[in-house]
Amino acid sequence: YHVLTGSWRRDNSLQVWDFDSGRLIKNVPLQNQNSSEKSVCHLYCAKWAGSEFIACGGSDNNSMRIIEKSTIQTIGKLDGLSRGCYTLDYTEINNTPYVTCASGSNIFFMSINV
């Protein structure tokens, strides 16, 4: 079993751990490898989104993103929210995966096209 953690810090804020040994498996970058993205997201929340995705969100750049687990690439994101993304959740409706996030007094829904 693997455990996903998101923490409010500048470096290595999204990590996957081995449950049995407690050892770090990998740091998950919040920017794509070839991205020129410079902004930092201090995470408040992270969640496995089904078996294929990771959802995470936080403050500073006030964003939420969806990362494909197999490639560790961001496949979708909401940037420039009015406030930080302080909570998120995952669900499937009619076999379509959705991630929801709360920012300020707003709730955003993002479908994942698979």
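**A charged pair and its surroundings**

Mentor: Lys 47 forms a salt bridge with Asp 89, with 3.6 Å between the closest N and O atoms. A salt bridge here is a side-chain nitrogen of Lys or Arg within 4 Å of a carboxyl oxygen of Asp or Glu. This is a predicted model, in which local features need pLDDT of at least 70 and side-chain atom pairs count only at pLDDT 80 or more, while totals for chains, interfaces and linings use all residues. Residues are numbered from 1 along each chain as its sequence is written, and side-chain values use heavy atoms, with hydrogens and water left out.

The pair joins distant parts of the chain, Lys 47 lying in strand 4 and Asp 89 in strand 8, 42 residues apart. Helices (H or I, at least four residues) and strands (E, at least two) are DSSP runs, numbered from the N terminus. Lys 47 is partly exposed at 31% relative accessible area, and Asp 89 is partly exposed at 39%. On this scale buried means under 20% relative accessible area, exposed over 50%, and partly exposed in between (1.4 Å probe, protein chains only).

The structure holds two salt bridges. The other joins Asp 79 to Lys 77, at 3.5 Å from N to O. Asp 79 has a relative accessible area of 43% and Lys 77 one of 36%.

Rings of Phe, Tyr and Trp (its six-membered ring) pair if their centres lie within 6.5 Å, planes under 30 degrees apart counting as stacked, over 60 as edge-to-face and the rest as tilted. The ring centres of Tyr 44 and Tyr 86 are 4.7 Å apart with the planes at 70°, so the pair is edge-to-face. By this rule there is one aromatic pair. Tyr 44 is partly exposed at 42%, and Tyr 86 is partly exposed at 44%.

Next, the nonpolar side chains. A nonpolar core is a set of buried Ala, Val, Leu, Ile, Met, Phe, Trp, Tyr and Cys residues joined through side-chain atoms within 4.5 Å. The largest one has 14 residues, of which Ala 49, Met 64, Ile 66, Cys 85, Leu 88, Val 99 and Cys 101 touch the most other members. Strand 4, strand 5 (53-60), strand 6 (63-68), strand 8 and strand 9 (96-103) each give two or more residues to this core, and strand 8 provides the largest share, three residues. A second, separate core of eleven residues includes Cys 41, Leu 43, Ile 54 and Ile 72.

Beyond its neighbours within four places in sequence, Met 64 is in contact with residues including Cys 56, Lys 77, Leu 81, Cys 85, Leu 88, Val 99, Cys 101 and Met 110, contact meaning heavy atoms within 4.5 Å.

The cysteines remain. The structure holds zero disulfides, a disulfide being a pair of cysteine sulfur atoms within 2.5 Å. Cys 85 is in none, the nearest cysteine sulfur being that of Cys 101 at 3.8 Å; Cys 85 is buried at 0%. For Cys 41 the closest cysteine sulfur, in Cys 56, is 6.4 Å away, too far for a bond, and Cys 41 is buried at 9%.
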